[in-house]
Amino acid sequence: MSADTAAAPLAALAADRVDHRFKGLPPDAYGLTVGELAARRRNLFTDGFTTPVLALSAERLAHNLELMETYATRHGLAFAPHGKTSMAPQLFHRQIEHGAWGITLAVPHQVRVAREFGIDRIFLANELVDAAALRWIAAELAGDPDFRFVCYVDSVRGVELMDAALDGGGRPVDVVVELAAGEGARTGVRTEAECAAVADAVAATSTLRLVGVAGYEGEVPDAHPERVHAWLRRLTALAVAFDGAGRFKGLDEVVVSAGGSAWFDAVADVFAEIPELSLPVLKLLRSGAYVSHDDGHYRKLTPFTRVPEEGALHPAFRLWAQVVSRPSAEQAFANAGKRDAAYDLDLPLAQVVRRDGVERPADGVEVTGLSDQHAWLRTGPEADLEVGDWLGLGLSHPCTSFDKWQLIPLVEADGTVVDYIRTFF
């Protein structure tokens, strides 16, 4: 990672002006640079921020970064966290500072963002057959000898399209054969015989280089620990078979990669069993949701519930909305909705109420639905909720929380905003 390469574009983020593009920021801050606003260390609750506003906990973010760095090191794993979760280059660099090998991404646009901000190791956990994108990748490889790029292949046809798009004049594009997680799963090759055919197709080109195998255990049908472990052993056995067949000759290492945010403990278990190959193995974990974690889906699914001795991730997001209507004792409405909150997996959770500087649990308050710009609240007899109150909401699914906010205040426990995280979706 070149600090010099990243310094200028990261500095440009701080030099950007606060204006109408960014939700929730103080109106009197318009015209300041983001860096100037951060230096003023305004308080989220008392210094002019408007609702709805999404806050990212500085302390919890730091905890999560440190925990996953420790986890990967303890288990001998390289780590390329999935950047599509946040699409925040500032967080990419913090992840790399915490030991990440590189950043995983999903589509060419995301790769362009990462390259703009100096990321020089990228794992594209997807097939790439777009000719224009492939030519751009080839130019990046030709222009930067330090750039490492790896992507999936899962069909002979895909290999043919990639080869046709590349002129063969520069460095070959590194690829890994993606093994499908089972019948009816998402992408990937369904059988080992087909995997061999795809590998043969790669070997017949001068534009591509086979460097390993990969997949996503989160797509295992009816996933439970035994099924996930069994599929991961298929993946590692494929790497062993390819190595035994001499498919990795001339490489410095073999890439074996898996790992979402729900089963990385199984990945650690099975990758520890990989026998010695003819080359060193880069055991690449790709979990991404850990960076903010959440209060719903991943809080229930995180492997740390199965291995509590390894630690615990902390949900780092809280969406602050304001109660704008209280039409009855059983109902209220807050001014945050689908434009502001993740809702694809679970509805937000009412956590705390703030009134006159005092914060208390949101007892008796439940989010029952979201309109575009309203949260529907059911209020029980114990609910102490008035128009004007600030309501703190926990969110479920980091990926669809980050993508609704271009500039996210990074907030210390006392409400002091110490930085602003820029996203690029």
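Visitor: In which loop does proline 52 lie?

Guide: This is a predicted model. In the model, proline 52 sits in the loop between helix H2 (34–39) and E1.

Visitor: What is the peptide bond from threonine 51 to proline 52, cis or trans?

Guide: The omega angle is the thing to read. For the bond from threonine 51 to proline 52, omega is near -5 degrees, and the bond is cis.

Visitor: Is aspartate 222 buried or exposed?

Guide: Aspartate 222 is exposed, as its relative accessible area is 63%.

Visitor: And what is phi of histidine 293?

Guide: Histidine 293, also a residue other than glycine, has a positive phi near 55 degrees. Its place is the loop between strand E9 (281–285) and H11. Histidine 293 counts as buried because its relative accessible area is 3%, and the cut-off for buried is under 20%.

Visitor: How far is glutamate 178 from the nearest side chain of opposite charge?

Guide: Glutamate 178, in strand E6 (residues 173–178), is buried and has no salt bridge. The nearest side chain of opposite charge is that of arginine 186, 6.1 Å away. A salt bridge would need a side-chain nitrogen within 4 Å of a carboxyl oxygen.

Visitor: What is glutamate 178 in contact with, leaving aside its neighbours within four places in sequence?

Guide: The contacts of glutamate 178 include Glu127, Asp154, Tyr152 and Val153. Thr187, Gly188, Val189, Ala214 and Gly215 are also among them.

Visitor: How do the residues of the lining of the largest pocket divide?

Guide: There are 14 nonpolar, 13 polar and 5 charged residues in the lining of the largest pocket.

Visitor: What volume does the second largest pocket have?

Guide: The volume of the second largest pocket is about 420 Å³. Its lining has 21 residues, with Ser57, Arg60, Arg318, Trp320 and Ala413 nearest the centre. By class, that lining comprises 10 nonpolar, 3 polar and 8 charged residues. Strand E1 (53–57), helix H3 (58–74), strand E10 (317–328) and strand E12 (349–355) each contribute at least two residues to it.

Visitor: Where is leucine 407 found?

Guide: Leucine 407 is part of strand E17 (residues 407–411). At 4% relative accessibility, this leucine is buried. Not counting residues up to four places away in sequence, leucine 407 touches Phe22, Leu25, Val34, Tyr420, Ile421 and Arg422.

Visitor: How far apart are leucine 407 and valine 254?

Guide: Separation can be read in sequence and in space. Leucine 407 and valine 254 are 153 residues apart in sequence, and their C-alpha atoms are 38 Å apart.

Notes. Residues are numbered from 1 along each chain as its sequence is written. This is a predicted model: local features need pLDDT of at least 70, side-chain atom pairs count only at pLDDT 80 or more; totals for chains, interfaces and linings use all residues. Side-chain values use heavy atoms; hydrogens and water are left out. Ala, Val, Leu, Ile, Met, Phe, Trp, Tyr, Cys and Pro count as nonpolar, Asp, Glu, Lys and Arg as charged, and the others, Gly among them, as polar. On a 1 Å grid over the protein atoms alone, a cavity is a set of points where a 1.4 Å probe fits but cannot get out, and a pocket is an open set with protein on both sides within 12 Å along at least five of seven lines; lining residues have an atom within 4 Å of a point. Grid points are joined across faces, edges and corners, and a volume is the space filled by probe spheres set on the points. Helices (H or I, at least four residues) and strands (E, at least two) are DSSP runs, numbered from the N terminus. Buried means under 20% relative accessible area, exposed over 50%, partly exposed in between (1.4 Å probe, protein chains only). Lys and Arg count as positive and Asp and Glu as negative; His and the chain ends are not counted. Contact means heavy atoms within 4.5 Å.
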